[in-house]
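These are notes for a colleague who has not worked with this structure before. Please read them with the model open beside the text.

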Amino acid sequence: MVQPIVDKHGFELVEVEFVKEGQSWFLRVYIDKENGINIEECAMVSDELSQLLDEAEPDPIPQAYFLEVSSPGAERPLKKDADFKNAIGEYIHISLYAAVEKKKVFEGYLKDFDGQQLTIEYMVKTRKKELTVDLSKIAFARLAIKI
């Protein structure tokens, strides 16, 4: 339901999540475009999606929930091949399913991505190291802000 609305406006659908926080449910839609998305564009997509969801029969989400449409932010998730390709040269965070070199979390610069594996350059104290890992071994990846 979300994709046609996003496509109509030339935006990118980054992620959709439906999560429970405390007693409330949230339908979160993250959208973006080249040079960033603004609040008016988020509101426009929210209005159109809200109307579509309200009119849908049967109701795709019968319980009460809050709809949030926003930018993925500076630490946007990396999920699709295009996300990784666009992030080459950027500082990223990856979490692995299983430890490599006794670590499951790495932050560094994405050096390469071939569709199957990525190579990240990271620091261990004052030494640069590289890790090449299969995409299937990555639990979560996102852009990161270097501190």
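Does Lys125 count as buried or exposed, and at what relative accessibility? Lys125 counts as exposed, because its relative accessibility is 80% and the cut-off for that class is over 50%. The points below start with the whole chain and return to this residue at the end.

1. The model is predicted. The protein has three helices and eight strands. Their order along the sequence is α-β-β-α-β-α-β-β-β-β-β. The C-alpha trace spans about 55 × 35 × 30 Å along its principal axes. Of the 147 residues in the protein, 37% are buried.

2. Salt bridges in total. The count comes to 14 salt bridges.

3. Arg28 and its partners. The side chain of Arg28 meets that of Glu17 in a salt bridge, with an N to O distance of 3.7 Å. This pair links distant parts of the chain: Arg28 is in strand β2 (residues 24-32) and Glu17 is in strand β1 (residues 12-21), 11 residues apart. A salt bridge also forms between the side chains of Arg28 and Glu68, at 2.6 Å from N to O. Here too distant parts of the chain are linked, as Arg28 in strand β2 and Glu68 in strand β3 (residues 66-70) are 40 residues apart. Arg28 has a relative accessible area of 12%, so it counts as buried, for which the limit is under 20%. Glu17 is partly exposed, with a relative accessible area of 23%. Glu68 is also partly exposed, with a relative accessibility of 31%.

4. Glu101 and Lys129. These two residues form a salt bridge, and their closest N and O atoms are 3.4 Å apart.

5. A network around Asp83. Salt bridges with shared partners join Glu12, Asp32, Arg76, Lys80 and Asp83 into one network. Asp83, one of these residues, is in helix α3 (residues 81-86). Its relative accessibility is 7%, so Asp83 counts as buried. The side chains of Asp83 and Arg76 are also joined by a polar contact of 3.4 Å.

6. Which residues form the negative surface patch? The patch is made up of Asp54, Glu55, Glu57 and Asp59. Of these, Glu57 lies in the loop between α2 (39-55) and β3. Glu57 counts as exposed, because its relative accessibility is 72%. The peptide bond between Glu57 and Pro58 is cis, with omega about -5°. Pro58 is placed in the loop between α2 and β3. As a general rule, most peptide bonds are trans.

7. Ala87. This residue is in the loop between α3 and β4. Although in a loop, Ala87 is buried, with a relative accessible area of 2%. Ala87 and Lys111 are 24 residues apart along the chain, and their C-alpha atoms are separated by 8.9 Å.

8. Positive phi values. Most residues other than glycine have a negative phi. Asn35 is not a glycine, yet its phi is positive, at about 70°. Asn35 is found in the loop between β2 and α2. With a relative accessibility of 78%, Asn35 counts as exposed. Lys125, from the opening question, also has a positive phi, near 55°, and is a residue other than glycine. Its place is in the loop between β6 (117-124) and β7.

Methods
Residues are numbered from 1 along each chain as its sequence is written. Side-chain values use heavy atoms; hydrogens and water are left out. A salt bridge is a side-chain nitrogen of Lys or Arg within 4 Å of a carboxyl oxygen of Asp or Glu. Helices (H or I, at least four residues) and strands (E, at least two) are DSSP runs, numbered from the N terminus. Buried means under 20% relative accessible area, exposed over 50%, partly exposed in between (1.4 Å probe, protein chains only). Patches are made of residues with over 30% relative accessible area and no salt bridge: like charges are joined within 9 Å, nonpolar side chains (Val, Leu, Ile, Met, Phe, Trp, Tyr) within 5 Å. Accessible areas come from the Shrake-Rupley method with a 1.4 Å probe; for residues, only the protein chains shown count as cover. Lys and Arg count as positive and Asp and Glu as negative; His and the chain ends are not counted. The place of a charge is taken as NZ of Lys, CZ of Arg, CG of Asp or CD of Glu. A polar contact is a pair of N or O atoms within 3.5 Å; within protein, one must be able to donate a hydrogen and the other to accept it, and residues adjacent in sequence count only if both atoms are side-chain atoms.
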